[in-house]
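Open the model in your viewer and keep the selection tool at hand. This tour goes stop by stop: select, look, move on.

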Amino acid sequence: CVSEAVCVSEAVCVSEADPVSEPSVSAVVESGPSVTEGQHSSSGDRATDCEMVHSVEVYRKSVPSIVRCGSTTDECPENSSGGDDTKIHGEMSTRDKIQLLTDKVLAQQSVIQQASQALNLCQSNDTTRGSQEEAEAERLLFVATQRRMAFLREIQELKNLGPKRDGRASAERHDDDEVVPCDGTLTIGDVRLPLKTEYLFSMATKHSHQTQYFFCLFRNGAQVTPTHLVSLGRDPHSVDSDILSFTNQIKLRDLDADFMVSLEVYALSLKSHGDKSATSKGSKMNLLTKPSPLKSITPKRLLSHLKHRDSPSVQSPAGPMSVRTSNFTLVGNTKIDVSSFKKEFLVLEKVAFLSPLYGTIKMSMQVHRDGNVTQKGFLTMFQDVGGFGAWHRRWCVLDNSRVAYWTYPDAEHRKSALGDFDLRFCTTGTVGLVARDICARPNTFELVFVRPQRDGDSDSIISTSKNTITTTKYWLSADTKEE
């Protein structure tokens, strides 16, 4: 009893001295129930470099774990098979999407009201009438109106097709045989609009009080993203070259594999301050000198005429609280899809004959995948060992576009990979089974990679170097045809 008390007191002292200490691996292995009497002599050595928890047969029979695109958490089937109010694989339900879009509609309505007040202020002040501030307020009003209408269309679509869409998406997620395609992000920059040479010559020779403002608008579903404003003034030096350049970067997210982005170009023409005041005075004189059946002009009639002139002539589609509509007009549009990456420029449609735009648009575009694809499992790889070919069984992990492999699954988190390769540099057009006359091993497919030649590269069974290019060929064999 005394010895047990001493042992307990020592254990308490150790635990108080190091509260975060954990039992060592050797202690856990030595105290395990699987250690037999014949293993006591070598238990310490095995504990220091315990490579495998299970046998190789257990690993071979294990089912590879697959995480589909866009899924970040794994949920139980009973939790993911609920009603419409549940979230499946971290995605929002239809009701939550509608609520989020409704909040965005209210936010855009507030922007519309503020932009309308800014326009009223610009119109009431002679120093800001026809200025760039007025054009920017017009752009903000137009973009907010278009976003509000896009959100409302998306809400109506979710109300009509939401339950069917959620049911179809849920069936696709639970179907392990069907691979769900990943979403992508399209990045657009350096948008350039060529101008007509005749228009540039006319700007240099003629004196005009008009200032034209342009901006581009990109649409994809509920996403409405504009560029900044670019102006063409009466000053011939207002344009550095014969191209209108939009330098800001546009990102469109959650695009499908067969995406279709609408690109629209809008323009606004404003008169300068001096010409605007002269026109205003001329309109007042015309009103005073215009024949009238009453033969008299009263201040009330003049005030009503001015209010009628400054008020919008049509009802605003921006909402019941809006007092103005934007004066930006469409001067050209086109579509952007996968085939647009192969074109040097895109052709604009609906370009007027007297428009300063040449009718084409150039831009730089990049697209990349957003989904997190992860797949793990055993593959048998054909490798070069001392000039001879040999098949080795490896634990392979596919993470997005990178494939890394280890000897055992436990080594994935403890050791560096034996090797890896990036599927982005794979030149194999169609991956399929290798013919049996080329490789007798069943369920074998081939991946070919091409890279610049490095120092020390030499020809081997799996790689060849020619004309500064090194070609590497991987043969991978799965356990079954389905895998």
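Which residues does Arg451 touch, not counting residues up to four places away in sequence? Select Arg451 and find out. The residues it touches are Asp457, Thr468, Ile469 and Thr470. Arg451 itself sits in strand 16, which runs over residues 444-452. Along the chain, Arg451 and Thr470 are 19 residues apart, yet their C-alpha atoms are separated by 5.5 Å. Arg451 has 23% relative accessibility, so it counts as partly exposed.

**The whole chain**

Zoom out. This is a predicted model. Colour it by pLDDT, the predictor's confidence in each residue. The mean pLDDT of the protein chain is 74. A value of 70 or more is reached by 63% of the residues. Select residues 166-177 next. Here the pLDDT is below 50. Beyond near neighbours in sequence, this stretch has nine contacts in the model. Then select residues 275-295. There, too, pLDDT stays under 50, and the model has 11 contacts for this stretch beyond four places in sequence.

Switch to a cartoon view. The protein chain has 10 helices and 18 strands. How many of its 483 residues count as buried, as a percentage? The figure is 33%. Take the contacts between residues at least 6 apart in sequence: 63% of them join residues at least 24 apart.

**Into the core**

Hide the surface and select Phe218 and Ile336. They have the most contacts inside the largest nonpolar core, a set of 30 residues. In soluble globular proteins, nonpolar side chains tend to be buried together.

Stay on Phe218 and show what it touches. Leaving out residues up to four places away in sequence, its contacts include Ile188, Val191, Ile250, Leu252, Val261, Leu263 and Ile336. Gln223, Thr225, Thr227 and Ser262 are also among them.

Next, pick Val224. This residue lies in strand 4, residues 223-226. Is Val224 buried or exposed? Its relative accessible area is 5%, so Val224 is buried. Val224 touches Phe218, and also Gln146, Arg147, Ala150, Leu217 and Arg219, not counting residues up to four places away in sequence. Val224 and Ala144 are 80 residues apart in sequence. In space they are 9.1 Å apart, C-alpha to C-alpha.

**Charged pairs**

Now colour by charge. Side chains of opposite charge can pair when their charged atoms come close. The model has nine salt bridges. Visit three of them.

Select Asp420 and Arg402. Their side chains meet in a salt bridge, at 2.9 Å from N to O. The pair links distant parts of the chain: Asp420 is in strand 15 (residues 419-422), Arg402 is in strand 14 (residues 402-406), and they are 18 residues apart. Asp420 has 41% relative accessibility, so it counts as partly exposed. Arg402 is partly exposed as well, with a relative accessible area of 39%.

Move to Arg424 and Asp422. Which of these two is buried, and which is exposed? Asp422 counts as buried because its relative accessibility is 18%. Arg424 counts as exposed, at 63%. The two side chains meet in a salt bridge of 2.8 Å, N to O.

Finish this group with Asp190 and Arg192. They form a salt bridge, with the closest N and O atoms 3.7 Å apart. Asp190 is partly exposed, with a relative accessible area of 40%. For Arg192 the value is 28%, so it is partly exposed too.

**Last stop: a surface patch**

Bring the surface back. Select Val338, Phe341 and Val367. Together they form a nonpolar patch with about 240 Å² of accessible area. Keep Phe341 highlighted. Where does it sit? Phe341 is in the loop between strand 9 (329-336) and strand 10 (346-347). At 32% relative accessibility, Phe341 counts as partly exposed.

Note on methods
Residues numbered from 1 in each chain as written. Heavy atoms only, no water. pLDDT = per-residue confidence, 0-100. Contact = heavy atoms within 4.5 Å. Patch = residues over 30% accessible without salt bridge, like charges linked within 9 Å, V, L, I, M, F, W, Y side chains within 5 Å. Areas by Shrake-Rupley, 256 points an atom, 1.4 Å probe, with all protein chains shown as cover. Salt bridge = Lys/Arg side-chain N within 4 Å of Asp/Glu carboxyl O. Helix = DSSP H or I, 4+ residues; strand = E, 2+ residues; numbered from the N terminus. Buried < 20%, exposed > 50% of the residue type's maximum accessible area, 1.4 Å probe, protein only. Core = buried A, V, L, I, M, F, W, Y, C linked by side-chain atoms within 4.5 Å.
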